[in-house]
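Reader: I am new to this structure. Please walk me through a few of its parts.

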Amino acid sequence: MVAMTKESLKKNIINISDFSIKGIQFKDINPILSNPEAFQSVINFVDFIKKCGATAILAPEARGFIFGAAIAYKLGIKLVLARKKGKLPGKTYKVTYYLEYGTAILEMQQNVLSTKDKVVIIDDLIATSGTINACLNLIKQSNAQSVGIATLISLSEFANKHHFDNIPLLEIIKF
């Protein structure tokens, strides 16, 4: 199977105005997920994660799970989930963060990362950076090391917020 270019991948993303609330320009990635060639092309951006020396991937709910799970499987490394408040059993680290449209609480189980882990955060989209910064905070609480951030989509209108203390950032597609 031939890998798709970034421009070809971009054509597989549908913009939906005013979803889930008025003023939001939702990026529908379902056409990428339902196209095996497109999905495999996204997952094949693993060289970045390898170069970071990752031993774990932290994937935030919900669409980060899709890419994080496939890449963790492909690389044979640990997958850690960051979920909304109350969705994980046991003791958790918690952080409140801001979204484009409000606030939320993200949690991660306390026993899943060690001080030896080098973690790459993988999500489907970076807008205001609230979710990514929350994930960085969760990794810090666990005393693991953040070594990279990878996203399928980055929104250029918020580019001034995409600075993460010199942690390497891979943005596959920019809108």
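This is a predicted model: local features need pLDDT of at least 70, side-chain atom pairs count only at pLDDT 80 or more; totals for chains, interfaces and linings use all residues.

Reader: How far apart are the end C-alpha atoms of helix H6?

Author: Helices (H or I, at least four residues) and strands (E, at least two) are DSSP runs, numbered from the N terminus. H6 has 12 residues, 130-141. The expected span is 1.5 Å times one less than the number of residues. That should give 16 Å, and the end C-alpha atoms agree, at 17 Å.

Reader: Which strands do the buried residues of H6 pack against?

Author: Buried means under 20% relative accessible area, exposed over 50%, partly exposed in between (1.4 Å probe, protein chains only). In H6 the buried residues include Ile132, Leu136 and Ile139. Contact means heavy atoms within 4.5 Å. The buried residues of H6 pack against S3, S4, S5, S6, S7 and S8.

Reader: How many bridges join S5 to S6?

Author: Two strands pair if DSSP finds at least two bridges between them. S5 and S6 run antiparallel, and valine 95 stands opposite leucine 106 in S6. S4 and S6 also pair in the antiparallel sense, over two bridges. For S5 and S6, the number of bridges is eight.

Reader: Which residue meets arginine 83 in a salt bridge?

Author: A salt bridge is a side-chain nitrogen of Lys or Arg within 4 Å of a carboxyl oxygen of Asp or Glu. The structure holds five. Arginine 83 lies in strand S4, and its partner sits 22 residues apart, in the loop between S3 and helix H5. At 2.9 Å, N to O, that partner is glutamate 61.

Reader: Is glutamate 107 buried or exposed?

Author: The side chains of glutamate 107 and lysine 94 meet in a salt bridge of 3.3 Å, N to O. Glutamate 107 lies in strand S6 and lysine 94 in strand S5, so the pair ties together parts 13 residues apart in sequence. Lysine 94 is partly exposed, at 45% relative accessibility. Glutamate 107, with a relative accessible area of 4%, is buried.

Reader: What is the relative accessibility of lysine 174?

Author: Lysine 174 forms a salt bridge with glutamate 171. The closest N and O atoms are 3.5 Å apart. Lysine 174 counts as partly exposed, and its relative accessibility is 46%.

Notes: Residues are numbered from 1 along each chain as its sequence is written. Side-chain values use heavy atoms; hydrogens and water are left out.
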